[in-house]
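Biologist: Could you walk me through one part of this protein up close? I'd like to see how the side chains there pair up with one another.

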Amino acid sequence: MREYADELLESLNTAQRAAVVHGAGPLLVLAGPGSGKTRVITHRAAYLVERGVQPENILAITFTNKAAREMRDRLHDLRVSHGMWICTYHALCLRLMRIYAESCGVDPGFTIYDDADQKTLVKKAYELCDVATEVVPIDLARWAISNAKNRLETPEQLEQAAEDHKDELIAELYATYQVLLERNNAVDFDDLLMRVARLLREQPEVAQRLNQRFQYLLIDEYQDTNHAQYEIARRLSEHHQNICATGDPDQSIYAWRGADIRNILRFEQDYADATVVRLEQNYRSYQHILRTADRLIAVNRDRKPKTLWSERGDGPPVAVWRFGHGNVECEHIAQAIGQQHAEGRAFSDFAILYRINALSRGLEAALRARRIPYRIARGVAFYNRKEIRDALAYLSAIANPDDTVAFARAIATPPRGIGNTTLQRLLAYADRTGKSFTTVMRHCDQAEVKGAPARRVRAFEREIAKWQQAAGSETVSSLVRRVIDESGLAKHYSGAESGGEDRQANLDELVTSAVRYEEDMIDDSEASLTDFLQMVSLVSDQDAVDEDSGCVMLMTLHTAKGLEFPVVFIVGLEQGMLPHDRALGLEAESNSLEEERRLCFVGITRAQEQAVLTTTQERLLRGKPRALSRSQFLVEMDDPDSVEWSDFGLGMTGRFGGGSRFGGSSRRFGHDTADLWEDGGADELAGLDSDATSFDFGAGAPADEDAARSPAVDDQPGASGAARRRKRSSLQDHDEPVFSLDDETEMARRSRPADRRSDVVNAYQDWSPGMLVRHPSYGIGSLVLIQRGPQTRARIKFPGEGEKTFVLELSPIERVQV
DNA sequence: AGCAAGATGCTTTTT
DNA sequence: GCATCTTGCT
């Protein structure tokens, strides 16, 4: 009879198998993109269990909650479920801090401050230290404090290392900020790591006990660990040395927030006799994609060479699209997605990636105008809404009577006749005496708050006390409901003022999330308000990436790490965007430029079948037009064999600035590519004019408004491909662009040859082998083979160039009229 | 105390 | 372009 352990090794390649069967002792798995890393980790965990290791003796640390969830699911499929700790570094530290609260110097009911709360408190430190933000920019101080914490440095150490007055001020701010955190019984994200790292370092007996508990460590994305995380991993594996780290130095993209690529590079020195396994076979992408990514990353000097290989076919070349303006870029991408969807591709097959969140706006508008369902990976967005933050402030105030940041927020909304003067007096008194805010409110006359305001303050305090009592006897969800209703928040946000209904719905959603939290709790007794709030604060963007939402996914390149999609668009490949300005500064120099390159590498390697990179000559940035030149990365990765350039409406700069109102005139994009190729010089641009006028900017108001009324998400994920197609085509009928019959535009439209306005649904229906086509750089060729499917692929023979394969929707190929 | 209009500054990426 | 902060008015 075959053992289950053998079954676990099936369908693994030699390297993967070596990593899975590796027993005790340090193991480093260097895993290139798409090399089946997650499979290896999960199979390794399951294999260990199968060989007699107890699940509760295994600790798996991931970078995101989503990765943790995925791993848990996969392990469940592999029949390993309970007992194993699978969590992020931050969640791990949270749990340890709760257990060892006293040793960590916190009260277990502490609040976790997010970015915004942290900023509030740092500002307060500025006031207390009498430092002006003009002298030390607030973000500089925040960055410096965060860095110090990552390196486990105290304010005193920072002060000793200070080189100038500014550094001294920062050290002072850090010290004050820490005191404020303590007084509020709060920690920030960095504290979670720092305090646990210190705990393990300073209390060897705790470290020892945890070594016994967690006999095997599995750590994902090791290249992204910062010093504190590195220290934690080391201490937790000090005695048994059973640490399995996986990662890829070429995908290290978090150095800017303290991640140290050296942690992975020196693994072999840190752990004597470490076994190193390299996973170099890629199962994800076609060759053209892989080779292009490889060519780009090979430019980095600070790197260990690595050979990525694949048994998959060439696939279509990587496409580079050049546009005159960011608006055209968005329109064209939306159009291409619409077209491919009409041919049977699911919307969820597409991802659009960008360097900075600000670039999502135009894309959203273009997708909405075409009624293409999309989702933005922004998990925190929900918890960042005003009404949600307000509700959470009430809850934090109930759970943690020292949390003045929460009280200050709660007391102000809805307005209850307690203004800033009163609040400041209360806060000042709390600061002076160190009493909890509830106590201060109860005795507010001592804080010089008298008369009517005093009555209101005491009334507010009584309400909080009432809820605190309720918190002890009812479920979290019913408390959340009660607080939202009784605080007056529900009423306050019910007004017909903009988005009142949405806000109500969001507040309801918060209650739902509390219900879901209770359901997820295995042991009911563990569900507590504090725990719920702490969990909520560790939610991140990546967690909002849904597997099969039936939507096009939009996200930053950072968020995309670890994901894969059949078709990937990376927009904004321009100097200043990708690589970003901050990486191009003289002082930043090569290190950050190399990180930008890795970021681009991560982006390209997300693509399974098709990668499209776009670049524009101009785009709106912060509301102002900005001229841009193409990214150096495009040049570095270029190769005529695997990268194909297309130009769309180059030189159309300036004239169309201003906004997203251009109607759903999809047909006017697509295959009417300009006949210019290389660096569209000014003389070549002349021929573009007629095309340029056909773009109809600013004239599509009716279509735009129509789109605004329709929901962004209208696709049914469950529907079969055929059903979806049918639904789509019926939609298409209604979706017929409502042209505003602006004279100029309509004339431009008519003046174009009919065949160049290819029909979206029946595109290429009449294309057949033998037909002549034109490619802007290869010239005239003949169609050898046409393959219809999710993408229409065509094999075309060019005299002197040989045969090449194209995805027609993505290439600038035109039919030649005979 | 509370609100509204105007001024300011800011955007890289995230647990 | 947006969100946040400041100012000034009721």
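This is a predicted model: local features need pLDDT of at least 70, side-chain atom pairs count only at pLDDT 80 or more; totals for chains, interfaces and linings use all residues.

**Rings and charges, up close**

Modeller: Let's start with rings: the structure holds 14 aromatic pairs. One of them is Phe267 with Tyr271, a tilted pair with 4.8 Å from centre to centre and 35° between the planes. Is Phe267 buried or exposed? Phe267 has a relative accessible area of 0%, so it's buried. Tyr271 counts as buried too, because its relative accessibility is 2% and the cut-off for buried is under 20%.

Now compare that with Tyr394 and Phe460. Their ring centres are 6.4 Å apart and their planes sit at 70°, so this pair is edge-to-face; the label needs an angle over 60 degrees. Tyr394 belongs to helix α20 (residues 386-399) and Phe460 to helix α24 (residues 451-473), so the pair ties together parts that are 66 residues apart in sequence. Both Tyr394 and Phe460 are buried.

On helix α20, Asp390 meets Arg409 of helix α21 (residues 404-412), and their side chains form a salt bridge at 2.8 Å, N to O. Because Arg409 and Asp390 sit in those two helices, the pair ties together parts that are 19 residues apart in sequence. What about cover? Asp390 is buried, with a relative accessible area of 3%, while Arg409 is partly exposed at 30%.

The side chains of Glu461 and Arg442 meet at 3.3 Å, N to O. Glu461 is buried, with a relative accessible area of 6%, whereas Arg442 is partly exposed at 42%.

For a contrast, take a salt bridge inside one helix. Arg74 and Glu70 both lie in helix α4, four residues apart, which is about one turn of the helix. Their side chains meet at 4.0 Å, N to O. Arg74 is partly exposed, at 32%, and Glu70 counts as partly exposed as well, at 28%.

To put these bridges in context, a search of the whole structure finds 45 salt bridges. Some link up into a network: Lys37, Asp220, Glu221, Asp224 and Lys561 are joined that way.

Definitions and conventions. Residues are numbered from 1 along each chain as its sequence is written. Chains are lettered from A and ligands numbered from 1 in the order in which they are written. Side-chain values use heavy atoms; hydrogens and water are left out. Rings of Phe, Tyr and Trp (its six-membered ring) pair if their centres lie within 6.5 Å; planes under 30 degrees apart count as stacked, over 60 as edge-to-face and the rest as tilted. Buried means under 20% relative accessible area, exposed over 50%, partly exposed in between (1.4 Å probe, protein chains only).
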